[in-house]
Amino acid sequence: MQKQTKAIRIQAERSHNREHSVPLYLTSSFTFDDAEEGRAIFAEEKAGNIYSRYMNPNVDEFVAKMVMLENAEDGLAFSTGMAAIFASMAGLLKAGDHIVASNALFGSCIQILTKITSKWGIECTFVPGADIAAWEKAIQPNTKFFFCESPSNPGLELIDLPALAELKKGRDIVLAVDNCFATPILQTPLDLGADLVIHSATKYIDGQGRVLGGVICGKKVYLDEIRFFARHTGPSLSPFNAWILSKSLELLDLRLQKHSENAQALAEALDGHEALNAVKYPFLKSHPQYDLAKRQMKYGGGILTIDIKGGFEKVVAFSKALKIASISPNLGDSRTIMTHPASTTHAKIAPEDKISLGITEGLVRIAVGLESIEDLKADFLQALNAIK
Ligand SMILES: *Cc1c(COP(=O)(O)O)cnc(C)c1O
């Protein structure tokens, strides 16, 4: 069966009501026929639901679909993307271990790796992610974890995932990839040699900006350790959010095709505009890693960036001139969103690091939605014409 069929047809068991759409199992715990059954289920001698902190039919259905889409052995859902990312580290690492991470990471990931994991004696070396030799140089005898995003938020930097997987071969290092921007529709990092793939399900997996969620898919040996951490510390996904996210996966393939088609068309329409220093999009020939993008990704994805001449003042004027696009820190929504990373999502990054990551005062991230592309092109062009 094709993945798209499974994304629609994988379904939690029907109840005696024989509902067509999956019901919402909004319950904290489950019941046992008698105390003996409770004992047997707790002892794992018999299958059965116990308590929604670590098992729930809606959550399990969502995870089963994600595991299928990412070609994974195992998976686990979380309350948010950040909970998933932190759990991957807290579950697998101990004091004295060392992480190597790409410096182009989501803002909160940088906070975790500089201010939180370090409290427990886990140090991190940041490297320019596209430079595989820099990863190799950063490896220490105690390096246990590689972490990166591809494409990165907001710089749209790509990591050569097979090359990174090759580098860690024969070493006791877990390669974890934040696949938030690409989704399993555009790339499946586990097939390229990663051990874990992590998502903020809040973004494209929900797709309509309604709920928060996170998920990790990957090798069972690692998921077992992460599951132990999560079961006892409780960063669980709510059944309601899982119900929404599982429904959303039915349309993920269709949505990502359309997001990518719209983003490609908008990038081409804005490229070269006189109010801009640059337009960046993985499937624009001018992207410095265009060949890698074409090799590694099925489509270019739904995100592009523009660098507006004249800095923050012009960005503000541009945001006021937009009539359709929302101004919000989210992405992956059916509604087009513009974000100014330097003052919002990436505001806490040191000024010198912002420069090296290309997060300039004029940089605007556009998460292209599913509106008519003609309307979007007209909206962005009139707003740019208004500030030139
Ligand atoms: C939003 C985002 C996260 C964090 O996810 P939450 O669901 O908001 O916790 C992590 N990584 C990337 C790339 C993101 O865009």
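Modeller: Start with one pair. Keep in mind that this is a predicted model. The side chains of Lys169 and Glu166 form a salt bridge, with N and O 3.2 Å apart.

Biologist: Why does that distance count as a salt bridge?

Modeller: The cut-off is within 4 Å, from a side-chain nitrogen of Lys or Arg to a carboxyl oxygen of Asp or Glu. Lys169 and Glu166 come in at 3.2 Å, N to O.

Biologist: Is Lys169 buried or exposed?

Modeller: Lys169 is exposed, at 58% relative accessibility.

Biologist: How many salt bridges does the structure hold?

Modeller: There are 18 salt bridges. Take another one. Lys220 pairs with Asp224, and their closest N and O atoms are 3.0 Å apart.

Biologist: Where do Lys220 and Asp224 sit in relation to each other?

Modeller: Both belong to helix α9, which covers residues 220-233. They are 4 residues apart there, so about one helical turn separates them. Lys220 is partly exposed, with a relative accessible area of 41%. Asp224 is partly exposed too, at 34%.

Biologist: Which residues are linked with Lys220 and Asp224 in a network of salt bridges?

Modeller: Asp74 and Arg227 join Lys220 and Asp224 in that network. Read such a case as a group, not as a lone pair.

Biologist: What is the distance between the closest N and O atoms of Lys247 and Glu250?

Modeller: It is 3.5 Å, and the two form a salt bridge. Lys247 has a relative accessible area of 31%, which makes Lys247 partly exposed. Glu250 has 23% relative accessibility and also counts as partly exposed. The buried class lies under 20%.

How values were computed
Residues are numbered from 1 along each chain as its sequence is written. This is a predicted model: local features need pLDDT of at least 70, side-chain atom pairs count only at pLDDT 80 or more; totals for chains, interfaces and linings use all residues. Side-chain values use heavy atoms; hydrogens and water are left out. Buried means under 20% relative accessible area, exposed over 50%, partly exposed in between (1.4 Å probe, protein chains only). Helices (H or I, at least four residues) and strands (E, at least two) are DSSP runs, numbered from the N terminus.
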